[in-house]
Amino acid sequence: MKDEIFNKIKKLIENKKINEAQLELSKLGQQYNQDSQYLYLRAEVFYINKLYYIAIDTLLIALEFKESEEIYKLLGKIYQILGNSDLSEKILNINLRVEAIKSIKDELTGVYRKEK
């Protein structure tokens, strides 16, 4: 069920039906607030709407629940757009990304972190 919903939203985004994707995401409610795929899709919509900083926050939260290449790629792309090529390269580098993300989260003290 969940995968079906997420695939539908992903297809809406791919087909540039952003408003419809946003509507579908808004229907999902709080039970998905800790789901990395849900958070990624929300971040992708924010990115498309050029809401880069909220997309970054959303992706950083998603990483608290599951690390995935697509999250790192979108973060790298956003930092590149924002003019921070150095950070973008670190995030995209599999050997440097964990430390780069930790550094970002340390600087952005308001970013949600799961209690370990």
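**Core, helices and salt bridges**

Visitor: Let's start with I101: what is it in contact with, leaving aside neighbours within four places in sequence?
Guide: I101 is in contact with L60, L63, Y72, L75 and I91, where contact means heavy atoms within 4.5 Å. Keep in mind that this is a predicted model, where local features need pLDDT of at least 70, side-chain atom pairs count only at pLDDT 80 or more, and totals for chains, interfaces and linings use all residues. Residues are numbered from 1 along each chain as its sequence is written, and side-chain values use heavy atoms, with hydrogens and water left out.

Visitor: What pLDDT does the protein chain average?
Guide: The average is 92, and 93% of the residues score at least 70. pLDDT is the predictor's confidence in each residue, from 0 to 100. Helices here are DSSP runs (H or I, at least four residues; strands are E, at least two), numbered from the N terminus.

Visitor: Back to the middle. Which residues of the largest nonpolar core touch the most other members?
Guide: Those are L59, L75, I78, I91 and I101, out of 35 residues in that core. At least two core residues come from each of α1 (2–14), α2 (18–28), α3 (36–48), α4 (52–65), α5 (69–81), α6 (85–92) and α7 (97–107). The largest share, eight residues, is from α3.

Visitor: And what counts as a nonpolar core?
Guide: A set of buried Ala, Val, Leu, Ile, Met, Phe, Trp, Tyr and Cys residues joined through side-chain atoms within 4.5 Å. Buried means under 20% relative accessible area, exposed is over 50%, and partly exposed is in between (1.4 Å probe, protein chains only).

Visitor: Which residues of α6 are buried?
Guide: L87, S88 and I91. Seen down the axis of α6, those buried residues fall within an arc of 105°, so they line one face of the helix. The arc is that of the directions from the helix axis to the C-beta atoms.

Visitor: What do the buried residues of α6 pack against?
Guide: They pack against α5 and α7.

Visitor: New topic: how many salt bridges does the structure hold?
Guide: Eight, counting a side-chain nitrogen of Lys or Arg within 4 Å of a carboxyl oxygen of Asp or Glu. One of them pairs E24 with K8, with the closest N and O atoms 3.7 Å apart. E24 lies in helix α2 and K8 in helix α1, so this pair ties together parts that are 16 residues apart in sequence.

Visitor: Is E24 buried or exposed?
Guide: E24 is buried, with a relative accessible area of 16%, while K8 is partly exposed at 45%. K8 and E24 are also linked with K27 in a network of salt bridges.

Visitor: What about E64, which residue does it form a salt bridge with?
Guide: K105, and the closest N and O atoms are 2.4 Å apart. This pair links distant parts of the chain, with E64 in helix α4 and K105 in helix α7, 41 residues apart. Both E64 and K105 are buried.

Visitor: And E69, what's its partner?
Guide: E69 forms a salt bridge with R97, at 2.9 Å between the closest N and O atoms. E69 lies in helix α5 and R97 in helix α7, so the pair ties together parts 28 residues apart in sequence. R97 counts as buried at 5% relative accessibility, whereas E69 counts as partly exposed at 38%.

Visitor: Last one: where is L51?
Guide: L51 is in the loop between α3 and α4, and at 43% relative accessibility it counts as partly exposed.
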